[in-house]
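Take a moment with the model below before reading on. The paragraphs after it go through the structure part by part.

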Amino acid sequence: MAAPEVVAPEAVGVRTRRLEASSPRYGEKAIKALLGLCAALSVLTTTAIVLALLGPAVDFFREVPSGDFFLKTEWFPTQGFFGVLPLVVGTFNVVLWAMVFAIPIGLGSAIYLSEYAPSRVRKVLKPMLEVLAGIPTVAIGFFGAYFLVPLLRDHWPGSFLGGPPGFFMAGGAALCVGLMIVPIISSLSEDAMSSVPGGLREGAYALGASKMRVATRVVFPAAFSGIVASIVLGVSRALGETMIVLMVAGNRPAMTLNPVEVIQAMTAYIGVTATGDIATGTVEYNTLFAVGALLFALTLVMNMISIRFVRKFREVYE
Amino acid sequence: MVGISVSNDTATDEGQRAMEDSADSGEPEIVAARHPAIKVHTEVRQPETTEDHDEKTFELRNVSVSYGGTVAVRGVSMDIFHKDITALIGPSGCGKTTVIRCLNRMNDLIPTARVEGELLYYGQDIYGPKVDPVQVRKLIGMVFQKPNPFPKSIYDNIAFGPRAIGIKGNMDEIVERALRRAALWDEVKDRLGENAYGMSGGQQQRLCIARCIAVDPDVILMDEPCSALDPISTARIEDLMQELKELYSIVIVTHNMQQAARTADRTAFFTVVSDEDTGSRTGALVEYDRTDRIFSNPSDERTENYVTGRFG
Amino acid sequence: MSSDIERTSGRARLAAGGARSATLGALGRQPGSQVLRNRIFFGLIVVALSIALLGLALVLIDAILKGRNSLSLDLVTNRTSPRAERAGFKVAILGTLYLIGFMILMVVPIGVGAAVYLEEYANKQRWWNRLIELNIQNLAAVPAIIYGILGLAFIVRGPLDLGFILFAGSITLALLVLPVVIIASREAIRAVPPSIREGSLALGVTQWQTIWRQVLPAATPGILTGIILAVSRAMGEAAPLLLLGATTFVTFNPQPFSDTGYTALPVLIYNYATRPQADIREVAAGGILVMLAVLLLMNSFAIWLRNRYEQRW
């Protein structure tokens with residue numbers, strides 16, 4: 001790749017002024033191709049994921065009518081019941097209550113950090129929230145199973161929502177998942193709000209608006225697309241969470257949105273089935289891929305929506 | 001001398017009168033070029049060369065550059081001479097930077113750029129099919145408007161080029177020689193290991209000149225090298241250019257016409273031509289001559305307006 | 001062009017909305033109730049932040065309280081065991097080290113290479129390059145367990161058919177964190193100003209040499225930060241490994257390329273944590289503390305690195 005020797009000028013009598021390449025530079029072209037392959041690996045990975053899911057899923061749907069899968073309400077594959085709704089509803093149970101917790105907490109934190117906090121305070125508190133994002137989910141699941149749920153159980157108000165929870169509790173998982181998601185919402189929303197030009201705020205302040213009004217009526221609408229993107233991303237993350245629901249929400253499918261009850265999430269089902277002793281290739285085993293395909297489709301839709309909102313946000317400000 | 005091809009506006013009365021005027025005077029093509037009603041595609045009159053700088057480093061023939069369909073500069077024809085300092089002056093948007101970036105194929109870096117016309121370097125077509133832009137840039141170096149030293153030590157800034165290109169030889173000597181030629185050696189010889197960002201703006205720019213010299217080019221292109229510097233640093237670099245002229249041909253773009261008047265052997269004046277129909281603005285070469293003539297006795301009225309400060 | 005119009009009209013719309021709202025607010029309410037509403041609002045958002053931080057604190061404190069008894073050198077030197085007094089994480093730590101080690105070897109060249117391609121070589125207008133970018137954005141948000149399925153189908157079985165070996169887990173983790181490395185590296189490379197590249201190219205240096213000798217060295221602190229982020233993420237992932245054979249209760253040191261079984265730190269923590277005996281759950285809590293300590297160290301190092309070597313252009 002190095003050019004042939006060019007000797008220090010004084011030694012050369014006549015200058016060569018040739019403009020053609022001194023060497024064909026195959027190395028450069030090879031490197032570009034190699035790097036392109038590295039980038040193309042991402043497409044390969046996505047394709048592989050789709051194939052990994054689709055193949056067995058197609059086998060599955062050959063044996064189980066899709067009407068049964070999507071509409072029936074009993075999930076007991078070893079006994080021949082293939083209605084996926086309990087898993088979906090169970091997952092939704094956790095995700096719903098997680099967002100009910102995470103959205104106000106996340107947005108409130110974001111508004112505080114972006115509009116109210118003095119910069120010294122912000123410098124300390126923002127990284128602290130990010131720490132929350134870095135805690136491994138097993139640790140949060142452990143916290144949920146052995147601190148949070150027992151706490152809730154011990155202090156449960158009578159038979160509210162059907163009585164105190166047992167060992168597993170969808171709502172407990174929801175709180176943990178929500179806590180895990182708070183940094184996603186707060187960080188991205190705060191970024192979105194900080195990107196709103198200062199001029200908009202200052203104009204409003206100059207007209208006599210209070211901080212609250214500026215935050216809620218000026219900054220929030222301006223950053224809305226970014227905020228929605230963060231929430232959608234949070235939902236996507238919550239949908240895909242495995243360890244927390246495994247440890248806290250339980251492993252019994254149930255068609256309920258009641259946070260007190262035990263449910264089984266799609267991710268938990270996948271985890272349990274893959275590590276269980278069902279023979280590969282059977283329709284019971286292929287349920288893993290069918291549920292996985294459904295999960296992948298759901299998160300994919302969420303991600304595309306989120307990307308769309310981020311783009312919309314960027315369009316106005318960049 | 002040169003031929004002129006005159007386009008159709010001689011049909012108008014004005015044009016007719018202008019042609020008669022020009023025929024009367026001794027310099028028909030120049031007078032014709034002066035009149036706005038006549039669109040003239042002339043090759044600019046080549047000045048007589050009284051020194052031995054008569055080898056042509058660059059020959060431009062009807063060079064036009066467009067960026068994605070919009071023509072930035074059109075129809076530039078001029079010869080740049082060996083070991084001259086050639087200045088390109090004119091108001092902003094007239095294409096001088098675009099033209100200079102063609103000379104070392106830096107416009108290749110802009111995907112939508114298209115260069116038409118002929119551009120010869122010592123007789124070779126710079127844009128020929130077998131030409132390697134990397135090789136071109138080894139021979140034709142560039143110093144940019146804002147000093148852009150690398151985030152390395154002073155020594156490594158200079159040594160980077162020779163090392164990367166494969167120049168063998170005593171690197172210490174190469175670095176010292178480059179720094180001496182850039183009039184920077186005495187100031188930095190004791191701190192070659194320091195980060196280049198610690199230097200002042202003027203020193204950084206001289207470092208960039210030294211860096212450019214270290215790969216032993218033929219030509220140094222300078223794109224408004226002093227516009228980000230204070231007057232004292234500017235003066236030092238102008239002095240430096242006179243020294244560098246002994247070894248390198250220099251082409252300098254400057255928006256400061258006094259700088260051109262002070263330093264350049266030949267000066268090319270560009271302007272912006274507005275097309276009334278389309279509203280598009282295109283750069284064009286108006287006049288190219290020895291500097292003393294451009295400034296004291298320009299042939300084109302537009303040149304005269306610019307150099308006397310009436311506009312631009 | 002039209003996006004410019006959209007942008008300016010978007011901004012104008014927002015500005016007008018803000019002005020309208022501010023004026024209405026200033027003219028509409030009486031001072032007293034307004035102050036009260038402001039205070040309540042402020043109180044609410046501070047409470048929100050406090051709840052988040054309280055949650056963080058509770059997670060940490062609970063782990064400390066439950067795990068402090070098991071904190072000893074034995075914790076990291078004991079093998080896996082169902083008996084709490086003999087249980088430790090040595091096997092799991094080794095497993096994690098192997099997993100992450102191989103992962104780094106794979107993910108750094110490929111991830112940085114992809115980032116270099118996308119930033120320096122790719123023509124951003126071409127459809128296949130945009131497809132690549134879209135893919136990376138999507139892959140960054142695919143749930144970890146789906147990567148487990150991918151590994152199960154293609155690496156453990158399928159074409160690669162490596163079996164349930166640790167190396168297969170490494171490959172899967174590498175695929176999982178690849179988007180993180182690519183995105184972080186792209187940011188770092190993008191931060192290098194174009195003037196540096198121009199200066200290098202104008203000397204007659206080739207594009208790859210410019211990248212290798214100027215751009216990448218300048219972008220290294222940012223790239224390293226990205227790698228540390230990726231490693232932090234991978235260290236804590238248990239879900240995909242569950243599908244790839246890491247669940248067996250392994251009591252001996254892992255062999256990366258044989259299917260005698262392996263485990264990783266988060267997986268073993270999960271294993272210990274889901275046992276009925278309270279004393280072995282304390283071991284799990286101890287493991288959590290070890291893991292958190294390592295993560296804290298790594299991320300502090302990343303922050304130090306970023307502060308020390310951050311280039312101010």
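Predicted model: local features only at pLDDT ≥ 70, side-chain atom pairs only at ≥ 80, totals over all residues.

Residues are numbered from 1 along each chain as its sequence is written, while chains are lettered from A and ligands numbered from 1 in the order in which they are written.

The model scores ipTM 0.87 and pTM 0.85. The predictor also gives each residue a confidence, pLDDT, from 0 to 100. For chain C the average pLDDT is 87, and 93% of the residues score at least 70. Where is confidence in chain C lowest, and where is it highest? The lowest mean, 68, belongs to helix α1 (residues 2-28) of chain C. The highest, 95, belongs to helix α8 (residues 194-201) of chain C. Helices here are DSSP runs of H or I with at least four residues, strands are runs of E with at least two, and both are numbered from the N terminus.

Now look at where chains A and C meet. Here 80 residues of chain A are in contact with 84 residues of chain C. Two residues are in contact if their C-beta atoms, placed from the backbone, lie within 7 Å. On the chain A side, helix α1 (residues 26-63) of chain A gives the largest share, 18 residues. By class, that side of chain A holds 53 nonpolar, 20 polar and 7 charged residues. Nonpolar means Ala, Val, Leu, Ile, Met, Phe, Trp, Tyr, Cys and Pro; charged means Asp, Glu, Lys and Arg; the others, Gly among them, are polar.

Next come the domains, whose bounds come from an automatic or database domain assignment. Chain A has domain 1 (26-63) and domain 2 (71-317). Their C-alpha centres lie 29 Å apart. Each of these two domains of chain A gives 8 residues to the contact between them. The domain 1 side in chain A has 6 nonpolar, no polar and 2 charged residues.

Chain C is divided into domain 1 (2-70) and domain 2 (73-309). Here the C-alpha centres lie 35 Å apart. The contact takes 6 residues from domain 1 of chain C and 8 residues from domain 2 of chain C. Of the domain 1 side in chain C, 2 residues are nonpolar, 3 polar and 1 charged.

Return to chain A for one helix. Helix α5 (residues 137-154) of chain A has 18 residues. From first C-alpha to last, α5(A) reaches 24 Å, close to the 26 Å expected at 1.5 Å a residue. That expected span is 1.5 Å times one less than the number of residues. Where does α5(A) bend? The bend, about 40°, is at A:Gly144. It is the angle between axes fitted to the seven residues ending there and the seven starting there. A:Gly144 is also among the buried residues of α5(A), which include A:Phe142 and A:Phe143. Buried means 20 or more other C-beta atoms within 10 Å of the residue's own, exposed means 12 or fewer, and partly exposed lies in between, with C-beta atoms placed from the backbone.

Most residues other than glycine have a negative phi. A:Leu161, not a glycine, has a positive phi of about 60°. A:Leu161 is in the loop between α5 and α6 (170-195) of chain A. With 14 other C-beta atoms within 10 Å, A:Leu161 is partly exposed. B:Tyr122 has a positive phi near 45°. The loop between β6 (113-121) and β7 (124-125) of chain B holds B:Tyr122.
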